Amino acid sequence: MLDVGGLPRVFWWVWVSTLVVRTGAFVAPFLSYYLTRSLGHSAAFAGFVAALNAVGAAVSAVVGGVLADRVGRRVTLLGALAASVVTLVALGVVHSVTLIAVLAFLAGLANNATRPATGAIIADVVPSADRGRAYALNYWAINLGFAIAMFAAGAVAAHSYTLLFVGDAIANLACAVVVFFKVPETRPTAHLAAASGTPADDGPAGTGTLADVFRDRIFLGFLGAVLVGAIIYSQSATVQPIMMGDDGLSPGAYGVVAALNGILIGVLQLPLTTWARRFSDGSVLAVSSFLMGAGFAVPLLVSSIGHAMGVYAASVVVWTFAEIGTTPPQMALGADLAPAHLRGRYQGMSTLVWSIAGVVGPLVGGWALSDVGRSAVPWASLVLGVAGVPAWLLIGRRATARIAVLRAEEARVTAAVLNVAAPTMTGAATVEAGVAGAVPTSGVASGDVVREPA
């Protein structure tokens, strides 16, 4: 099992809030069912609404990241949760086509704005050396909550679709209560401003824009590699079920292999993350890239050996191992690469990449399956997965030097931040956040991004 000791108290409250909100995540998976079966809209309109929701999520990834840096993680998180409560309840009661479309966009905007703030809080309060297991635990909570939500939502939907929206809103409200009472503001620049007597957005610790993120070549390379892997992974919910249908397998069979993914993550995520900690993030991500590509190439064997159900089950097993090996180190590496005063923006860009992949992947995969041929997507997945191996090894080596610079800077000013943060944070949370490196990258010129040593 993954070692859970030594993590800050604030992290565990974030973990609880994540589990609570994910346990009530009823609406998104059942929105198309609601629109077509309950309201009688066409599949085309349901797809349009889903696309609007995805566009809202993409926009909020950037906006949420900027707000987390400028106004604070806690304020951004609470505002997004409150907006989610309102939009979910409204979406469940309106019948106007126009209002449904607008509210779907706003729901995506509100829901996804929580992710950069949550990721930044974890990076603020958890030391760099422990971020991998912290993100692994949070990802495990996401999957556990989702599994519970799917089990409960089916029963709720059978009784009343309206209760799906109410239940999801209640989960967001409960999450907001946990954050309001148990999660303090962790934005490093707020503590430095208290020490210097200047506004939090003034001085080197508070400066920074999205332009700084786009000047960071190492992080841009990281985002490119993440995008490729996310596009491959997106085929799990689009091309793969279509291929299974073409091979004569029923929707029930797809449900079985999809459940296999969740079971494997629930059982293996924590122990495999512990085992993988002995290797560098770059090495783990390189191996996972190969497994991701190979996993989605396994269906090529159906035409030669038959046994379609067994082949697709094997495919899910392989790419699930890749998913387990990808998510925690990818999140930790992205957080480690970010200067403290830009963590929200870096988290927002990472979230945006996944949103883009959720749009691009299905479009490209569906086109390739229809117009190029059945084997196009599996072969392309394998090629892209193999190409990711040297890419991740290179990114890992270059990131090591960058992270060393950031860690040294964090260590240099930790004592000062502890002294300032003490009056504004309570008990163990104060010490934990300071020791974790919740500190600004002071000493960096205004607008600069820390560079690795030559």
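**Exercise 1. Find how much space the largest cavity holds, and what lines the largest cavity.**

Step 1. The largest cavity holds about 50 Å³ of space. A cavity here is a set of points on a 1 Å grid over the protein atoms alone where a 1.4 Å probe fits but cannot get out; its volume is the space filled by probe spheres set on the points.

Step 2. This is a predicted model, where local features need pLDDT of at least 70, side-chain atom pairs count only at pLDDT 80 or more, and totals for chains, interfaces and linings use all residues. Residues are numbered from 1 along each chain as its sequence is written, and side-chain values use heavy atoms, leaving out hydrogens and water.

Step 3. Look for the lining residues, which have an atom within 4 Å of a point: Gln235, Val239, Gln240, Met243, Phe296, Val377, Pro378 and Ser381. The elements giving two or more residues to this lining are α13 (239-246) and α19 (376-421); helices are DSSP runs (H or I, at least four residues) numbered from the N terminus.

Step 4. Sorted by type, the lining has 5 nonpolar, 3 polar and no charged residues.

**Exercise 2. Decide whether Ala340 is buried or exposed.**

Step 1. Go to the loop between α17 (308-336) and α18 (343-372), where Ala340 sits.

Step 2. Ala340 has a relative accessible area of 1%, so Ala340 is buried (under 20%; exposed is over 50%, with a 1.4 Å probe and protein chains only).

**Exercise 3. Find the average pLDDT of the protein chain.**

Step 1. The average pLDDT (the predictor's confidence in each residue, from 0 to 100) is 83, and 85% of the residues score at least 70.

Terms used: On a 1 Å grid over the protein atoms alone, a cavity is a set of points where a 1.4 Å probe fits but cannot get out, and a pocket is an open set with protein on both sides within 12 Å along at least five of seven lines; lining residues have an atom within 4 Å of a point. Ala, Val, Leu, Ile, Met, Phe, Trp, Tyr, Cys and Pro count as nonpolar, Asp, Glu, Lys and Arg as charged, and the others, Gly among them, as polar.
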